[in-house]
Amino acid sequence: MTDKPSAIIFGGLNTFSRALASLLVPSEGEPLVSNLRIVDKFSVNPPTTYIGSEFPKILKNPRVEYRQANLTIPAVVSTVFEPKEGNPPFDFAFDFTGEVKSDRQEQIIINSTCNVARLLGLEAAKRKIKAYIRIQQPFYETAKKGSHDEKEDIKPNGAIGTWWHETLRILGAIDDLNLVILRIGFGYGPFTNFGIIASAITVASVYGFMKKPLKSLWSPGKNPTHTIHVDDIAGAAWACAEWIAPQGRKAANAVAGEEIIFHNDKNKIKDVEGTPAHSQTIIAPVFNVVDDSDNTALSTGETLTSFFGTTFEFFNLVETTMLKLKDDTVEEINEHHVSAWTQMVTNSNPPILNTPLTAYLDKFALEKHNVAFSNKKIKEIVGYKLKRPHFSHDTVKETVEKWKTEGTWPILE
């Protein structure tokens with residue numbers, strides 16, 4: 001017998017859950033769990049999403065089981081919580097699910113985000129899961145100044161932000177769910193091709209290759225873009241599971257509970273099953289998870305461009321006005337650096353046969369973002385210590401070198 005907990009990870013194979021799996025069952029060293037099940041919609045053999053070169057090694061560990069499943073189906077959700085014969089029930093559940101493409105239709109976002117999380121949360125409560133950790137992507141718009149703590153009312157960004165936030169109210173309304181919400185900054189790190197930081201790393205390398213400055217529309221670049229390394233997304237998720245498991249939801253609420261304030265259309269929630277009334281007060285433990293960098297668009301841009309030997313600048317007012325007036329702004333901005341990235345990949349030695357990385361910046365990546373969170377609470381209450389406290393040349397180099405080693409990043413020397 002083992003006294004180690006058993007864990008199950010839902011979703012996030014295309015975002016950050018692989019980093020958590022690497023922490024729980026490392027390729028070298030002692031595992032943190034007795035067994036681990038990972039459940040997502042993607043195939044891993046052959047992979048139907050990018051999974052990096054190290055994750056397949058984790059999947060070979062006898063403690064690890066991967067299940068490809070459609071979590072929108074209630075009967076499937078019930079099945080995936082059933083442990084293998086001879087194994088104990090799952091203790092911890094980590095929920096990375098949710099639609100992450102902001103251009104999806106609203107109903108798709110609702111189905112993939114609210115409905116999936118509700119099914120998982122209800123089943124986890126029914127099975128008395130000791131810790132249910134929900135990873136909340138940074139689809140928010142905070143004030144430009146200061147770092148905002150968990151008590152502050154921050155505005156969801158667009159339809160995707162609205163329904164991700166509504167998901168927190170849905171989960172928070174499940175009384176017996178041992179829920180902790182982790183509100184993360186912009187994630188990045190080894191084998192992570194998702195998110196605006198991964199895109200920015202790739203694009204900055206292109207402008208370094210072209211020996212041209214990388215220019216932004218959003219002068220003077222003081223808008224906060226707080227970051228978090230995938231090692232700390234994983235580390236914080238594990239720390240919070242260990243924190244809530246011995247005490248349960250009621251005690252956790254007393255120490256770390258925050259009101260999840262309603263930010264939606266009252267008429268729309270009537271059609272979404274499981275949404276609590278707009279007037280209902282929802283309290284759940286919430287922790288911000290960001291590093292200590294206090295990054296802005298300017299500081300992030302300067303860190304990346306200096307790493308690749310170029311500079312970070314801004315379009316002048318006339319250029320910005322012209323670009324903003326055009327319907328095809330996104331395509332025009334992308335035109336030069338996408339073709340240069342293709343040239344870099346083509347000229348790589350050794351050749352790159354396939355890469356998940358792209359220099360294309362979608363509308364969400366090109367928009368101005370204000371995401372400023374204080375990380376004080378998780379440090380004080382959970383006692384979490386950041387593994388990668390600063391976004392720097394070192395963390396960027398590590399990320400790029402991992403891609404080079406696996407053959408997905410161009411080598412042009």
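Start with the open sheet: eight strands in the order 3-2-1-4-5-8-13-12, with mixed pairing. Strands here are DSSP E runs of at least two residues, helices are H or I runs of at least four, and both are numbered from the N terminus. Two strands count as paired if DSSP finds at least two bridges between them. At the edges, pairing on one side only, sit strand 3 (64-68) and strand 12 (257-259). Neighbouring strands in this sheet are turned by 30° against each other on average, ignoring direction. (Axes are lines fitted to C-alpha atoms, for helices over the stretch in contact, and angles run from 0 to 180 degrees between N-to-C directions.)

A quick note before you click on: this is a predicted model, where local features need pLDDT of at least 70 and side-chain atom pairs count only at pLDDT 80 or more, while totals for chains, interfaces and linings use all residues. Residues are numbered from 1 along each chain as its sequence is written, and side-chain values use heavy atoms, with hydrogens and water left out.

Now select 36-40. That's strand 2, and it pairs with strand 3 in the parallel sense over five bridges. Pick out Ile38 and look across to Tyr66 in strand 3, which stands opposite.

Next, select helix 1 (residues 17-24). It lies across strand 1 (7-10), strand 2 and strand 4 (92-95), at about 165° to strand 1. How many of helix 1's eight residues are buried? Six are, so to speak, tucked away; buried means under 20% relative accessible area, exposed over 50%, and partly exposed in between (1.4 Å probe, protein chains only). Colour Ser17, Arg18, Ala19, Leu20, Ala21 and Leu24 to see the buried ones. They pack against strand 1, strand 2, helix 2 (55-59), strand 4 and helix 7.

Time for some charged pairs. A salt bridge here is a side-chain nitrogen of Lys or Arg within 4 Å of a carboxyl oxygen of Asp or Glu, and the count comes to 20.

- Arg67 and Glu65: their closest N and O atoms are 2.8 Å apart. Arg67 is partly exposed at 25% relative accessible area, while Glu65 is buried at 15%.
- Asp231 and Arg388: the closest N and O atoms are 3.3 Å apart. This pair links distant parts of the chain, 157 residues apart, with Asp231 in helix 7 (residues 230-244) and Arg388 in the loop between helix 14 (376-382) and helix 15 (393-406).
- Glu367 and Lys363: the N to O distance is 2.8 Å. Glu367 is partly exposed at 28%, and Lys363 is exposed at 56%.

Last stop: zoom out and colour domain 1 (6-190 + 229-292 + 373-391) and domain 2 (196-223 + 296-366). These bounds come from an automatic or database domain assignment. The two centres, taken over C-alpha atoms, are separated by 30 Å. Eight residues of domain 1 are in contact with seven of domain 2, where contact means heavy atoms within 4.5 Å.

What area is buried between domain 1 and domain 2? About 750 Å², with carbon and sulfur atoms giving 84% of that; buried area is the accessible area (1.4 Å probe) that two parts lose on being put together, summed over both. Finish by selecting Tyr50, Phe186 and Phe391 in domain 1: they lose the most area to domain 2, together 57% of what that side buries. Between the domains, the count of salt bridges is zero.
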